[in-house]
Amino acid sequence: RRVFLEGFPTLFAIPRFSQIRKLDLSRSWMQRNQWHNVLTQIVNSPPIEELNLSEADLDEVEIDLLGVAISNARSVNVSALHNLDWVPLFEKISTSTVIQEMDLSENFLPLIPTDLFVKTLSRLNKVQLNDSLVTGEQLRGLLEQTRKTSTKVAANLVCENITQIPLHLTTAFSKLYKTYLYLEDYTDFTPALWKSVLTSINTSENMEDLTIDG
């Protein structure tokens, strides 16, 4: 009842909830001061296992505080967020010694400098970029760096035809652990290309989930 009457931030003040390790704030809407209280509690708590902020309304949230809060969780879902300045957020995350997995699906990310994008995400164990808008340079740089870091990356490849795909398919299928390939036109998908693609899948140590559609 206290939480219902006084708002979500009071949850952390209840003794039996003070050691929360998984926090789902997806689709949450709070006032600026409420977000400030919740995120400050996360920052000041021991690292939490999972933090879900997908589709949350974070328009009025202090971006530096958000970055520090995200950096204090081992697994973070920040999918489908809008109107965020991702650059300072990535700068905070890039120094975190806690965060291990990050779901960035359904976000607009091409304005992040490639070097910051690659440096930040290649430090993690797992990254999901499903249906996110990223540049070919960002994706190629990240997958190149994963040769050294073993970061598992998921990304969808949705294009009109094969000439528009930012990665060579054998590279994509050998390095991504999950992908959805959709082409409107498979005309240029020759038997030789199918063979090389299927061979790369067969020999890949990373691919776990593949969907081909069109």
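Visitor: What handedness does the β-α-β unit of strand 7, helix 7 and strand 8 have?
Guide: This is a predicted model, in which local features need pLDDT of at least 70, side-chain atom pairs count only at pLDDT 80 or more, and totals for chains, interfaces and linings use all residues. Residues are numbered from 1 along each chain as its sequence is written, and side-chain values use heavy atoms, without hydrogens or water. A crossover is right-handed if, with the strands pointing away from the viewer, the path from the first strand over the helix to the second runs clockwise. The unit that strand 7, helix 7 (residues 169-175) and strand 8 make is right-handed.

Visitor: How many bridges join strand 7 to strand 8?
Guide: Two strands pair if DSSP finds at least two bridges between them. Strand 7 (residues 157-161) and strand 8 (residues 176-185) run parallel, and Val158 stands opposite Tyr182 of strand 8. The number of bridges joining strand 7 to strand 8 is 4.

Visitor: Is Leu157 buried or exposed?
Guide: Leu157 belongs to strand 7. Leaving aside neighbours within four places in sequence, its contacts (heavy atoms within 4.5 Å) include Leu139, Ala172 and Tyr182. Buried means under 20% relative accessible area, exposed over 50%, and partly exposed in between, with a 1.4 Å probe and protein chains only. Because its relative accessible area is 2%, Leu157 is buried.

Visitor: How far apart in space are Leu157 and Leu169?
Guide: These two residues are 12 apart in sequence, and Leu169 is among the contacts of Leu157. From C-alpha to C-alpha, the separation of Leu157 and Leu169 is 9.5 Å.

Visitor: Why does Lys175 count as buried?
Guide: Lys175 lies in helix 7. Beyond its neighbours within four places in sequence, Lys175 is in contact with Leu143, Glu144, Arg147 and Asn206. Lys175 counts as buried because its relative accessibility is 14%.

Visitor: What is the relative accessible area of Asn130?
Guide: Asn130 sits in the loop between strand 5 (126-128) and helix 6 (136-149). Apart from neighbours within four places in sequence, Asn130 is in contact with residues including Ser105, Ala154 and Lys178. Asn130 is buried because its relative accessible area is 11%.

Visitor: Which residue is the bridge partner of Leu23 in strand 2?
Guide: Strand 1 (residues 22-24) and strand 2 (residues 48-52) pair in the parallel sense over 3 bridges. With helix 2 (residues 32-44), these strands make a right-handed β-α-β unit. In strand 2, the bridge partner of Leu23 is Leu51.

Visitor: How many helices and strands does the chain have?
Guide: Helices (H or I, at least four residues) and strands (E, at least two) are DSSP runs, numbered from the N terminus. For this chain, the secondary structure comes to 8 helices and 9 strands.

Visitor: What percentage of the residues in the chain is buried?
Guide: Along the principal axes, the C-alpha atoms fill a box of roughly 65 × 30 × 30 Å. Among the contacts with a separation of 6 or more, 69% link residues 24 or more positions apart. Of the 214 residues in the chain, the buried ones make up 45%.
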